[in-house]
Amino acid sequence: MDRIRIRGGNCLNGTIAISGAKNAALPLMIASLLTEETLTLDNLPRLADVAMLKRILGNHGVDCMVHGKRAGQNGMHGETIDLTAGAIVDTTAPYEMVSKMRASFWVIAPLIARMHQARVSLPGGCAIGTRPVDLLIDALKALGADIDIDSGYVVARAPKGLTGARIAFPKISVGATHVAVMAAALARGETVIENAAREPEIVDLALCLTGMGARIAGAGTATIHIDGVESLGGARHRVMADRIETGTYAIAATMAGGEVFLEGASPATLGTPLSVLNKVGAEITATNSGIRVRRNGNGLAAVDVTTEPFPGFPTDLQAQLMALVSRANGTSHIRETIFENRFMHVQELARLGADIHLDGQVATVTGVDRLKGAEVMATDLRASVSLVIAGLAAEGETVVNRVYHLDRGFERIEEKLRGCGAAIERLTT
Ligand code: UD1
């Protein structure tokens with residue numbers, strides 16, 4: 001099993017190319033099930049989750065064709081793929097697949113909308129809390145689907161197709177909003193989604209669907225209006241830049257010191273995290289082509305942060321921020337409001353010398369003068385990258401085990417960091 005070894009203490013200087021967003025790529029790929037024509041996606045990140053979703057979609061009959069490399073195109077550019085769901089051969093998404101990647105549950109939306117039936121395994125437990133799917137199911141019920149739970153599967157039927165409706169979510173959910181938008185795109189009549197998630201990935205999905213012929217207004221606000229259409233066609237869409245990857249490298253540069261240009265990053269999707277980093281002590285400059293992050297000499301300041309749905313501070317950057325402020329002058333408070341069990345990195349950061357006290361959903365982080373390298377264990381995607389960030393500033397050697405968590409969501413992280421001067425390598429023995 002791969003491990004990553006980091007020798008801490010180097011500053012980061014250079015340019016990091018930001019990849020396409022995993023959390024946009026997944027729903028965009030799933031949207032290909034809505035049409036029999038070809039959906040071409042550019043800037044797809046090379047990630048284990050994307051590869052897994054290709055296999056899952058293949059199971060439903062989607063033909064995935066990766067474009068060959070063109071002259072001048074190197075491995076740092078994302079992939080371009082054609083996804084063609086000419087005929088859907090199977091409307092069942094089995095447990096073996098959905099249990100490996102939670103977001104694949106979302107195939108239920110295009111399957112019920114286009115095929116009028118779907119049988120999708122419940123995703124099962126997840127390392128960061130219970131993560132139910134009740135809101136997704138309620139959205140489909142509102143659109144007229146009959147839903148049964150049978151032997152761990154959600155069985156959805158709508159023999160006459162879905163019908164537009166008002167969906168008022170009691171709680172903001174990214175997944176439920178993706179599902180509602182995809183399903184409503186092919187429902188008869190008008191749908192209004194209230195208390196919708198406003199994440200930029202929802203906007204990216206809506207843009208792509210609009211290119212495919214959907215009629216959607218208000219994506220990126222709390223109220224989305226959708227006029228259902230009879231069928232959708234093919235389109236070509238570029239996956240947005242990954243705001244979580246961007247925020248992660250911005251935090252890494254703030255931790256290590258130096259100056260890093262995050263090429264292709266989109267500042268508009270990172271307002272809150274960038275202002276938090278600014279308070280901690282980074283100098284941030286947004287340009288037309290990316291974001292420059294700099295910290296020279298000055299220490300890190302403590303901050304109080306609460307995770308919230310967009311545009312608030314993202315839960316997906318919480319672990320990374322915690323690693324950063326473990327070296328700050330003073331005491332920080334980090335409150336997690338999205339997932340109840342997303343503090344598994346705390347134990348591992350403590351192994352490196354961080355002083356963190358957990359009380360319910362609040363972590364109190366008392367900054368320490370130094371972290372010391374140790375062997376640590378990655379527990380989930382974002383937690384594992386927080387250990388890499390801590391390792392960049394720790395004295396001596398840090399070895400992160402279970403790197404497969406990182407590979408689900410960070411494209412060639414060790415290459416990108418090494419390119420800026422970090423002493424980091426992958427151990428494959
Ligand atoms: C997505 C992101 C994930 C991110 C999260 C929150 C993808 C592939 N994943 O996950 O990286 O951390 O948004 O920004 O895009 N909930 C319910 N019932 C439901 C659905 C959700 O109670 O039916 C709860 C969840 O337990 C959680 C909250 O709603 O407490 C938000 O979850 P949600 O926004 O749905 O997260 P995901 O879409 O799974």
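Predicted model: local features only at pLDDT ≥ 70, side-chain atom pairs only at ≥ 80, totals over all residues.

Trainee: Okay, helix 9 then. Which of its residues are buried?
Mentor: In helix 9 (residues 271-280), the buried ones are P273, L274, V276, L277 and V280. Buried means under 20% relative accessible area, exposed is over 50%, and partly exposed is in between (1.4 Å probe, protein chains only). Helices here are DSSP runs of H or I with at least four residues, strands are E runs of at least two, and both are numbered from the N terminus.

Trainee: Why are they on the same side of helix 9?
Mentor: They cover an arc of only 155 degrees around the axis, so they sit on the same side of helix 9. That arc is taken from the directions from the helix axis to the C-beta atoms.

Trainee: And what covers them?
Mentor: The cover includes helix 8 (243-256), strand 16 (283-287), strand 17 (290-295), strand 18 (304-306) and helix 10 (318-325). Contact means heavy atoms within 4.5 Å.

Trainee: How many residues of helix 10 are buried?
Mentor: Eight of the eight, so helix 10 is largely enclosed by the rest of the structure. Among them are Q318, L321 and V325.

Trainee: Switching topic: how do helix 1 and helix 2 cross?
Mentor: The axes of helix 1 (residues 22-31) and helix 2 (residues 48-60) come within 10 Å and cross at roughly 10 degrees. Axes are lines fitted to C-alpha atoms, for helices over the stretch in contact, and angles run from 0 to 180 degrees between N-to-C directions. The two helices are therefore roughly parallel to each other. The cut-offs are under 35 degrees for roughly parallel, over 145 for roughly antiparallel, 65 to 115 for roughly perpendicular, and oblique for the rest.

Trainee: Which residues make that contact?
Mentor: K22, A25, L26, M29 and I30 from helix 1 meet D49, V50, L53, K54 and L57 from helix 2.

Trainee: Now strands. Which ones pair with strand 15?
Mentor: Strand 2 (residues 12-17) pairs with strand 15 (residues 258-263) in the parallel sense over six bridges, and A17 stands opposite E263. Six bridges also join strand 15 to strand 17, and those two run antiparallel. There, E259 stands opposite R294. Two strands pair if DSSP finds at least two bridges between them.

Trainee: Last one: is T287 partly exposed or buried?
Mentor: T287 counts as partly exposed, because its relative accessibility is 30%. T287 is in strand 16. Leaving out residues up to four places away in sequence, T287 touches F261 and P267.

Notes:
Residues numbered from 1 in each chain as written. Heavy atoms only, no water.
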